[in-house]
Amino acid sequence: MKHRTIRGTIQYTSKKPEKFGQERGREFFTLTTQSDGVQVMHAHCEIDDEPNVVRDVVQSMRQDCSPIDCSVRLSVGDKYEGSGWIRVTDTYAECETHNQRDGRITQRIELDSPVKWLQSHPIVGDGILMKLYDLSQGPGKTFFPDIMLTSPDHRGATGPMLFKLNGLGIQYVGEEEIVIQAGKFRARHFQVVDTAGNLPEEHPPYNLWVTADDDYLLLKAGVDGYMQTHYELTEYQIIGGE
């Protein structure tokens, strides 16, 4: 088997005082790396907070995590919200989608420079996003423009459709040992910062830890501010790659 697949589950819990430690959702994912270096992410995401969100994403990326294509199907409040397909080239991004608010939409956005990341909102994808940071510069912060979203909503509960973000910052804190439900890991600690700009609302501070290897597997993450959410890898397995 030439391709390699990581399969796992991420638990969503609340850090709000009145709901502290309560499960508020879950994510089942696979990350398959092909022999040509392309990685395909499958993610089924469930958010229980009302109105509940069920999202299914299939997204392919190059080794530098830049997007190739993506499909999203979304339900909000147990009702169909939208579905769509996105393709990204070096010079333009295109989308064919249908959603409850706007009906059928065709988008084509011309690009001055290639898109570095397409945020389709699975939590496991947030770990992959950290590949953008150049570890050779050590701890520090880098701002990345040329980011696109499938929804500007923090829960990814609208659309799907293409939304161009002004950019975001990634701050690398350093390596540390952590223990989570899935086991003990050597982890890299990152923070997502500087998200203010053209989002409807600035994203609260976001800390995340990924495996200290080439997988960048999301181990745990937490959002402060009004969200007060926690995400943690509970189980995983690696298949193939020999």
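Me: What volume does the second largest cavity have in this predicted model?
Reply: The structure, which is a predicted model, holds two cavities of 30 Å³ or more. For the second largest cavity, the computed volume is about 30 Å³.

Me: Which residue is the charged one in the lining of the second largest cavity?
Reply: The lining divides into three nonpolar residues, six polar residues and one charged residue. Its members are Val72, Leu74, Pro160, Ser120, His121, Thr150, Ser151, Gly156, Thr158 and Arg55.

Me: How many bridges join strand E4 to strand E5, and which residue in E5 is the bridge partner of Met61?
Reply: Strand E4 covers residues 53–61 and strand E5 covers residues 67–76, and the two run antiparallel. The number of bridges that join them is nine, and the bridge partner of Met61 in E5 is Pro67.

Me: Which residue in the turn between E4 and E5 has a positive phi, and what is its value?
Reply: E4 and E5 form a hairpin, with five residues lying between the two strands. In that turn the residue with a positive phi is Cys65, at about 75°.

Me: Which residue in E6 stands opposite Arg73?
Reply: E5 pairs with strand E6, residues 79–88, in the antiparallel sense over eight bridges. These two strands form a hairpin with two residues between them, and Gly77 in the turn has a positive phi of about 65°. Within E6, the residue opposite Arg73 is Ser83.

Me: Is Cys70 buried or exposed?
Reply: Cys70 has its place in strand E5. Its relative accessibility is 2%, and a residue under 20% counts as buried. Cys65, at 1%, and Cys95, at 2%, fall on that side of the cut-off as well, and the class of Cys70 is therefore buried.

Me: How far apart in space are Cys70 and Pro139, C-alpha to C-alpha?
Reply: In sequence, Cys70 and Pro139 are 69 residues apart. In space, the C-alpha to C-alpha distance between them is 31 Å.

Me: What is the relative accessible area of Glu177, and how far is Glu177 from Asp153 in space?
Reply: Glu177 is found in strand E13, which covers residues 168–180. Glu177 counts as partly exposed because its relative accessible area is 45%. Although Glu177 and Asp153 are 24 residues apart in sequence, their C-alpha to C-alpha distance in space is 33 Å.

Me: What radius of gyration does the chain have, and how does it stand against the value for a compact globule?
Reply: The chain holds one helix and 17 strands, and its C-alpha trace spans about 45 × 45 × 40 Å along the principal axes. Of its 242 residues, 51% are buried. A compact globule with 242 residues would have a radius of gyration near 18 Å, which agrees with the value for the chain, 17 Å.

Terms used: Residues are numbered from 1 along each chain as its sequence is written. This is a predicted model: local features need pLDDT of at least 70, side-chain atom pairs count only at pLDDT 80 or more; totals for chains, interfaces and linings use all residues. Side-chain values use heavy atoms; hydrogens and water are left out. Two strands pair if DSSP finds at least two bridges between them. Helices (H or I, at least four residues) and strands (E, at least two) are DSSP runs, numbered from the N terminus. Buried means under 20% relative accessible area, exposed over 50%, partly exposed in between (1.4 Å probe, protein chains only). On a 1 Å grid over the protein atoms alone, a cavity is a set of points where a 1.4 Å probe fits but cannot get out, and a pocket is an open set with protein on both sides within 12 Å along at least five of seven lines; lining residues have an atom within 4 Å of a point. Grid points are joined across faces, edges and corners, and a volume is the space filled by probe spheres set on the points. Ala, Val, Leu, Ile, Met, Phe, Trp, Tyr, Cys and Pro count as nonpolar, Asp, Glu, Lys and Arg as charged, and the others, Gly among them, as polar. The radius of gyration is taken over C-alpha atoms; the globule rule is 2.2 Å times the number of residues to the power 0.38.
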